[in-house]
Amino acid sequence: MLFHVTVDHSPETCPVVNNTPEKRITAEGAAKAGVMALTKSLGKELAAYDISVNCITPAAAKTRIFDQISQEHIDYMLSKIPRNRFLKVEEAASMVAWLCSAENSFTTGGVFDLSGGRSTY
């Protein structure tokens with residue numbers, strides 16, 4: 001999950017993780033839900049000050065970190081994405097750029113899904 005606060009459209013970010021909890025990692029699932037709730041609450045609280053708070057919930061993007069993962073695990077991750085492909089880094093960058101741009105002067109408290117259909121709410 002990418003979490004950022006936009007003040008005058010300059011982002012602050014924290015680490016990216018997926019928002020779909022898996023078995024045996026209950027604490028991670030709870031933390032992800034907490035970040036989404038925090039995003040929505042801060043989005044409302046800070047809107048009057050022209051501060052936007054949004055986050056994105058991306059699927060895995062095929063980057064160099066995949067060199068450290070077994071092909072079996074890569075295939076497993078891919079099997080969970082209905083689009084049947086990994087997120088392109090450029091797709092995530094485009095969403096973040098839009099969230100931080102003047103074109104997005106209205107949206108706040110949003111959780112933007114970039115999971116290729118993996119996440120269902």
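Guide: A contact here means heavy atoms within 4.5 Å. Among the contacts in the chain with a separation of 6 or more, 67% are between residues 24 or more positions apart. This is a predicted model, so local features need pLDDT of at least 70 and side-chain atom pairs count only at pLDDT 80 or more, while totals for chains, interfaces and linings use all residues. Residues are numbered from 1 along each chain as its sequence is written, and side-chain values use heavy atoms, with hydrogens and water left out.

Visitor: What makes up the chain in terms of helices and strands?

Guide: There are 3 helices and 4 strands, in the order β-β-α-β-α-α-β from the N terminus. Both are DSSP runs, numbered from the N terminus: helices are H or I with at least four residues, strands are E with at least two.

Visitor: What makes Phe66 and Phe86 a pair, and of which kind?

Guide: Rings of Phe, Tyr and Trp (its six-membered ring) pair if their centres lie within 6.5 Å; planes under 30 degrees apart count as stacked, over 60 as edge-to-face and the rest as tilted. By this rule there are 2 aromatic pairs. The ring centres of Phe66 and Phe86 are 4.9 Å apart and their planes stand at 85 degrees, so this pair is edge-to-face. The two residues are 20 apart in the chain: Phe66 is in the loop between β3 (51–58) and α2 (71–79), and Phe86 in the loop between α2 and α3 (89–99).

Visitor: How do you know which kind of pair Trp98 and Phe112 form?

Guide: With 6.1 Å centre to centre and 80 degrees between the planes, Trp98 and Phe112 are edge-to-face. Trp98 sits in helix α3 and Phe112 in strand β4 (residues 110–114), 14 residues apart. Trp98 has 31% relative accessible area, so Trp98 is partly exposed.

Visitor: What makes the contact of Glu28 and Lys32 a salt bridge?

Guide: The term asks for a side-chain nitrogen of Lys or Arg within 4 Å of a carboxyl oxygen of Asp or Glu. Glu28 and Lys32 meet at 3.0 Å, N to O. Both lie in helix α1 (residues 26–46), 4 residues apart, about one turn of the helix. Lys32 is buried at 5%, whereas Glu28 is partly exposed at 31%. The structure holds 2 salt bridges; Glu91 and Arg85 also form one, at 2.8 Å.

Visitor: Which residues make up the largest nonpolar core?

Guide: A nonpolar core is a set of buried Ala, Val, Leu, Ile, Met, Phe, Trp, Tyr and Cys residues joined through side-chain atoms within 4.5 Å. The largest has 9 residues: Ile56, Leu87, Ala92, Met95, Val96, Leu99, Cys100, Phe112 and Leu114. Its largest share, 4 residues, comes from α3. A second, separate core of 6 residues includes Phe66, Ile74, Ile81 and Phe86.

How values were computed: Buried < 20%, exposed > 50% of the residue type's maximum accessible area, 1.4 Å probe, protein only.
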